[in-house]
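Me: Hi! Could you walk me through this one? I'd like to ask a few quick things as we go.

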Amino acid sequence: MLPRVYSFQSSKQETYDTWTIEFQPKNGNDGFSFAPGQFNMVYGFGVGEVPISISGDPAKPERLVHTIRAVGEVTKALCSLKKADEVMIRGPYGTHWPVEDAVGCDVVIVTGGVGLPPLRPAIYHLLSNREKYGRIVLLYGARTPQDMVYTTELKRWRARFDVDVETTVDTAKPGWHGNVGVVTTLIPRASFDPLHAKAFICGPEIMTRFTIPEFQKRGVTTQNIFVSMERNMKCGVGLCGHCQLGSMFVCKDGPVFRYDRVQPLLSKREI
Ligand SMILES: Cc1cc2nc3c(=O)[nH]c(=O)nc-3n(C[C@H](O)[C@H](O)[C@H](O)COP(=O)(O)OP(=O)(O)OC[C@H]3O[C@@H](n4cnc5c(N)ncnc54)[C@H](O)[C@@H]3O)c2cc1C
Ligand code: FES
């Protein structure tokens, strides 16, 4: 629960409203170990604290990286940080993508918009342990090409012969030569073995709800489908009840859930 002081190190603008920011601990760097899919509570001085997924490489704990979309007061303040500005960070919190259970299986990742940052650590892990997995498929959708994050990295992953990367946009502009349509349209033609596949899904809840039936149609069982959920959070550790979802707390029992465990609750707002 004890926050530590971190200072802003560098940032990269991903889209018109999203930045990837690297932080460094103020006093010493003993590394920040985390599992892919976990999040931190990040506090901007004088504005407030928000949950943000860790988007860096779990094999490089010396680099703490977050990708933040400026939607409101706190996230706008975080995206405006300058060199040496300080924040308080506590974490890592929550459950993670089951990359160990997926060993020997195909892994199919479906994500939309800023749903990719919480999955990027899992992608790094899969790629640096490539020999342990079957097919790796990444299906990424965004509203427009300008809403896509990590475009350079996507090109690099697409150039690899051992990963299938497909991107799509809802609305294309001149110059876009890729797919057009919602990301779910990519699932029927994706190449994987449904009986030996794990599906990792992170994006707007509406996207998640339409993605799951597509996997079920392909024959993937609910026990092999994992979803990341977002709810408003305050404590981040299962104390305040702010993120409660039925009998579960998204901060503590999630944000990554096996789909069959949250199936009846998926469309409910927090109480
Ligand atoms: C586990 C978890 C991980 C997250 N990871 C990331 C991440 O990696 N990067 C990132 O940019 N954001 C992430 N978020 C969302 C982020 O926490 C919110 O965008 C943030 O709390 C908004 O705070 P604010 O003060 O800037 O905006 P507010 O003033 O609170 O809200 C501004 C607007 O954003 C909307 N909003 C608020 N919270 C959310 C939310 N959770 N999802 C969608 N819209 C919201 C509000 O409805 C409002 O319209 C995550 C949330 C959770 C629960
Ligand atoms: S944020 Fe307090 S219980 Fe989840």
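Reply: Happy to; what follows is a chat about a predicted model.

Me: Great. How many disulfides does the count come to?

Reply: The count comes to zero disulfides.

Me: And cysteine 235, buried or exposed?

Reply: Cysteine 235 is buried, because its relative accessible area is 10%, and buried means under 20%. Cysteine 243 counts as buried too, with a relative accessibility of 3%.

Me: Thanks. Switching to helices: what does α4 span?

Reply: Helix α4 covers residues 205-218, which is 14 residues. From its first C-alpha to its last it reaches 21 Å, close to the 20 Å expected at 1.5 Å a residue.

Me: Which residues of α4 are buried?

Reply: They are Met207, Thr208, Thr211, Ile212, Glu214 and Phe215.

Me: Okay, on to the core. Which residues touch the most other members of the largest nonpolar core?

Reply: That core has 34 residues, and the ones touching the most other members are Leu139, Phe215, Ile225, Val227 and Met229. Phe215 is also one of the buried residues of α4.

Me: Let's zoom in on valine 227. What is it in contact with, leaving aside neighbours within four places in sequence?

Reply: Valine 227 is in contact with Trp97, Ile201, Thr208, Ile212, Pro255, Val256, Phe257, Tyr259 and Val262. Of these, Thr208 and Ile212 are buried residues of α4.

Me: New topic: where is glycine 37?

Reply: Glycine 37 is in the loop between β2 (18-25) and β3 (39-44). With 3% relative accessibility, glycine 37 counts as buried.

Me: What does glycine 37 touch, not counting residues up to four places away in sequence?

Reply: Glycine 37 touches Thr95, Trp97, Pro118, Pro255 and Val256. Although glycine 37 and proline 255 are 218 residues apart along the chain, their C-alpha atoms are separated by 7.7 Å.

Me: Last one, serine 7: which strand is it found in, and is it buried or exposed?

Reply: Serine 7 is found in strand β1 (residues 4-15). It counts as buried because its relative accessibility is 14%. Neighbours within four places in sequence aside, serine 7 is in contact with Glu22, Phe23, Gln24, Ala84, Asp85 and Glu86.

How values were computed
Residues are numbered from 1 along each chain as its sequence is written. Chains are lettered from A and ligands numbered from 1 in the order in which they are written. This is a predicted model: local features need pLDDT of at least 70, side-chain atom pairs count only at pLDDT 80 or more; totals for chains, interfaces and linings use all residues. Side-chain values use heavy atoms; hydrogens and water are left out. A disulfide is a pair of cysteine sulfur atoms within 2.5 Å. Buried means under 20% relative accessible area, exposed over 50%, partly exposed in between (1.4 Å probe, protein chains only). Helices (H or I, at least four residues) and strands (E, at least two) are DSSP runs, numbered from the N terminus. The expected span of a helix is 1.5 Å times one less than its number of residues. Contact means heavy atoms within 4.5 Å. A nonpolar core is a set of buried Ala, Val, Leu, Ile, Met, Phe, Trp, Tyr and Cys residues joined through side-chain atoms within 4.5 Å.
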